[in-house]
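Good morning, everyone, and please have the viewer open while I talk.

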Amino acid sequence: MSNIPETGRTSRVTIRLIGIQILVFSLLLTLGGRLWYLQIRNGDEYQEEAAGNHVQQVVQPAPRGTVYDARGVPIADSETRLVVSASRTELMKMDDDGEAVLARVAQVLGMTEEEVAHKIRLCDAETPQPCWNGSPYQPIPISDEATTQQALTIRERAEDFPGITAEPEAVRYYPAPYGAVTSQVLGYLSPVTDAEVQEAKDTDSPLLRSDQIGRSGIERTYDTALRGDAGVLRYEVDKLGRVLGMAESDEPVAGSSLVTSIDAGVQAVVEKQLDLAMKTARQQVDQITGRPYEADAGAAVVMESKTGRIVAMASLPDYDPNVWVGGIDSEQYAELTGENSNYPLLNRAIQGQAAPGSIFKVVSSMGAVNAGYAFDNTYNCSSSYSLGSHSFKNFESTGHGPITLGDALKYSCNTVFYRLGHQEWQKDGGLDPDKGEADEHLYQAARKFGLGERTGIDLPNEVTGRVPDRQWKREYWEANKESWCKTAEAAKAGDGEDGPSAYVAKLARENCLEGMKLRAGDSIIYAIGQGDLLVTPIQMATGYAAISNGGTLYDPTIGKAVISPDGRRIEEIKPSAHGELPADDKTIRQIDQALRSVATDGTAAWRFTDWPHEEIPLRAKTGTAQVYGKQTTSWLATYTEDYTVVMTISQAGTGSGASGPAVRNIYDALYGVGEGGEIDRDRALLPEPREALPKINPDGTIEAAPARPEVVTAWRDAEFG
Amino acid sequence: MSVHSFDSSAYGARKSLWARLTARDSLARRLDWTLMLTPLALSGLGALLVWSATRNRTELTGGDPDQYLFKHALNAVIGIALAVAVVWVGHQRLRSVMPLLYVLALVLIGLVYTPLGATINGERAWLNVAPGLQIQPSEFIKVTIIIGMAVLLSAKVDAGDREHPDHRTVAQALALAALPVAVVGDLGQVMVCAVIILGVLLASGAANRWVLGLVLAGAAGAVAVWAFGLLDQYQLNRFAAFANPALDPSGVGYNTNQARIAIGSGGLFGTGLFQGSQTTGQFVPEQQTDFIFTVAGEELGFVGGSLILLLLGVVLWRACRIAREATDLYSTIIAAGVVAWFAFQSFENIGMSLGIMPVAGLPLPFVSYGGTSMFAVWIAIGLLQSVRIQRPLSA
């Protein structure tokens, strides 16, 4: 119907009308394109955002799995406590933001209103602890120590306490059977941080903001298994947080249980005996310094020789792990981590490193045999060994004449090993070896013994110690030369006078110029386990256990089996090895014989008089390590066919002197050895290693077969004979 | 100079009602039914969407979840009645009452600033007519401007005196339009009015320099506002927040972001009516009015959103055709003015929901809840129909 001529309209208007029409439809097309872009191309992304917008999650925590000792006695458990919680969303709906209700709660619980307000305020960058770190939709605990009476008051007068609940909830609890706190081995829990939530987001075990996670010890190593999966109730909410309905929810799945190889009875004995040894040492005056021994820290390990399983592990000072439960206050935290705390959180059995002293001589012996020195040849045990003007003394400057390596171990003769160390150093090219010339047999033996690297124990933050070979020496110099040279310069300028500062200045000057070179003296004292060598108690226990079992270095383990909550799935943690000793069977047998004679006739014999050596052959090696500026470190490494026991006490004197009685008492308890050396199997805490797991009932609970308390306490509180 | 619309009564002997309605030259046969049914479909769709957006909002509905469904439907019915009334009167007859309409519109806008006025959502743009009944006079400004400018601009041309409106006439027309626009002061409505004026000028055949001048004046105004800091930073942020929601995260930025999430999450087929979590959760503000398109986007998906665009496209296509086929300049200008109005208001409304236009409080024609707006757009449909009916029958 072409009637345009009839309109009499000009072409200008017609063209403009067509232009308008084109413009209008381009605008519509633009909208269509944008709609496609948002809904089809990026639709998934926005769907996700919308889902995040309108669903709020309320977490139902999964009960954390129990940690049992080898007999099925709980050592980390969950305890039901009455927890009074506040729902923020409910409180915020009130005209006064719930202030009146909270005031009543404070009154019932015997807290101040301020304390209650602090508990439920939300954490942000400017809010100091205490504050709530979790979701505001989550009930926020005000107190986990409510009495039944308080809980009942709140529940019966519900109309006075809208938004407040008082429910029994599971709270972590460390029962410490027989008083064995096992603190550093168990570790502790604390709430997750935002960063951890982010990090775990896309892993198999995502974290919720309300989660507590293991921070150290086995609570950390086995955290994923113990934690289980929290349940999540998902509510659909509107913009104001009002609940519209339920979305898909997940039920909580309880955490698995962990059976450990720890024997709570033995653990109690070891903790108490180590403590007694330290207290006893403090009563004694150190002949060198003229002061009483400090005995400021100690560690002890009892390991199954043939599997590497840990039966007991103690580190002193320790702490009560229950201080972490329900949140730690700043005062308690300072006690555990502050400058004056002596760091009880440290597990010195795996994190304490010190020179091993003479217990290292077994390693030097293996190195010497590997370097071609026959074990049964004789070596001169002189009263001293001279290097230039310096004379390295034997212990108490006594000589034994020409003796075998075995006797050198028995009498702990230093000069034999000095000479071996020096000769090996010379053979390796002395100060300036050609490339590839140095065999470093003694250092190689230490590395193969497992020193300088982690044993792989199932505890976090194990340290490596160090083997001070030529390579380490150079690396250490590279890292420190600047500060050494600076100290030397400063000392020169301010001509540092007498006392330690002169010594420090001299040392700094030497180190600055020559520190990259392994000196003869370094190798000489290294051979008796002194100098820059550092080891951990767990490394020495692993190595001595290997001598006991014929040469296998087992990974030390605490965990023995992970058991699903219903008891159906049992995941056993089998012993696994990470190396072999650097010695053939014959050498191991010879060393074993020598160590046996240490216990019967040698340096440790006076601590094992009346021990039934025939029935239960015992091997021992004592060590007394010097530390510059401190009193000597006591070491005692011992083993039977079943167990290896290593104890060390810092600033406590000699190996046999300070650690001897405690180690003896531990063995007495393990095997039930009485004062006269008679064996009473009935009173033995663990006459042989426990292979089997505790009995698991059909309902998944684990049946405890605890040691008789009176027996444990008797051994635990035994005096030094 | 007045040209009367065709009156069915002028045609011969009285016939039966049915015969009269179905006669080839009857009003019913001459109406553009597509242009009746499409806005009706949009209004119906709008009723559903408004229903969905309000049924959970007890603070609005006072407990009756269906209240807004009925109110929207009622508004549409009143709108249709107004459209029929306009057709009945005929757009040509409005020429003579134009001064009266203009003064009435000015008075109504002026009343907003008296105690009779009401402020809703921060805009003083409402007039309390009766308890619970408010009207927004600015909606009628658009009709007034279109008819007023059309009367002035077409007078000499339709009389055959000139080929195009002379400068003096254009100046008069602009002055006539500027006065009510200046009084309105609501950013969204001012923008629509500016676009309507531009469309009217284009359709009138006014000299290019006027069109260009208007565009430049608009641009200069915007630059002046920017350069002389007539707006505070937060106002600029609000304006720019459509492109970058982070500029105003708690205000407009939040709104546009939530609107985008709602539409984006709809996907191809949407979540289904009443099933949108963004809508039931009331995450999008003003959802039954300015952001009604987000309900369609979320619950009806790309299919539903496209349907609305398609229906609006049909309305605009018919309106453009009516403009092109109009027999005189007066009619052409009216039709073109309505095209400019509908096109811009739809683009701005949907565009802000989609995050490609700044946020301005403008309803989506026929779909958004709002009585005055509904009446105004149906009156515009009446005008278009009236123009169409005037067209001579093809041979």
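This is a predicted model: local features need pLDDT of at least 70, side-chain atom pairs count only at pLDDT 80 or more; totals for chains, interfaces and linings use all residues.

Let me begin with a question: in which sense do strand E22 (residues 633-639) and strand E23 (residues 643-650) of chain A pair, and over how many bridges? They pair in the antiparallel sense, over six bridges, where pairing requires that DSSP finds at least two bridges between the two strands. Within this pair, A:Ala637 stands opposite A:Val646 in E23(A).

Residues are numbered from 1 along each chain as its sequence is written, and chains are lettered from A and ligands numbered from 1 in the order in which they are written.

The pLDDT is the predictor's confidence in each residue, from 0 to 100, and for chain A it averages 87, with 94% of the residues scoring at least 70. Over residues 1-5 of chain A, however, the pLDDT is below 50, and beyond near neighbours in sequence this stretch has six contacts in the model; a contact here is a pair of residues whose C-beta atoms, placed from the backbone, lie within 7 Å.

The secondary structure of chain A comes to 25 helices and 23 strands, whereas chain B has 16 helices and three strands; helices (H or I, at least four residues) and strands (E, at least two) are DSSP runs, numbered from the N terminus. Buried residues make up 45% of the 721 residues in chain A, and 49% of the 395 residues of chain B count as buried. A residue is buried if 20 or more other C-beta atoms lie within 10 Å of its own, exposed if 12 or fewer, and partly exposed in between, with C-beta atoms placed from the backbone.

Let us return to the sheet we started with. It is an open sheet of five strands with antiparallel pairing, in the order E12-E11-E23-E22-E21 of chain A. Why is one side of E12 and of E21 in chain A left without a neighbour in the sheet? These two strands stand at the edges, each with a single partner strand, so there is no neighbour on one side of each. From one strand to the next, the twist averages 5 degrees. Helix H22(A) packs on this sheet, touching strand E11 (297-304), E22 and E23 of chain A, and its direction makes about 150 degrees with that of E23(A); axes are lines fitted to C-alpha atoms, for helices over the stretch in contact, and angles run from 0 to 180 degrees between N-to-C directions.

A cis peptide bond, with omega about 0 degrees, joins A:Leu316 and A:Pro317, and A:Pro317 is found in the loop between strand E12 (310-316) and helix H13 (330-337) of chain A.

The buried residues of H15(A) pack against several elements of chain A, including helix H22 (537-549), helix H23 (585-600) and strand E21 (619-625). Just after H15(A), A:Gly372 takes a positive phi of about 110 degrees.

In the loop between H23 and E21 of chain A we find A:Asp610, whose phi is near 70 degrees, a positive value in a residue other than glycine. Is A:Asp610 buried or partly exposed? It is partly exposed, because 14 other C-beta atoms lie within 10 Å.

Finally, how do the two chains meet? In the model, 38 residues of chain A are in contact with 48 residues of chain B. H2(A) gives the most to the side of chain A that touches chain B, with 18 residues. By class, this side has 17 nonpolar, 11 polar and 10 charged residues, where Ala, Val, Leu, Ile, Met, Phe, Trp, Tyr, Cys and Pro count as nonpolar, Asp, Glu, Lys and Arg as charged, and the others, Gly among them, as polar.

Note on methods: Two residues are in contact if their C-beta atoms, placed from the backbone, lie within 7 Å.
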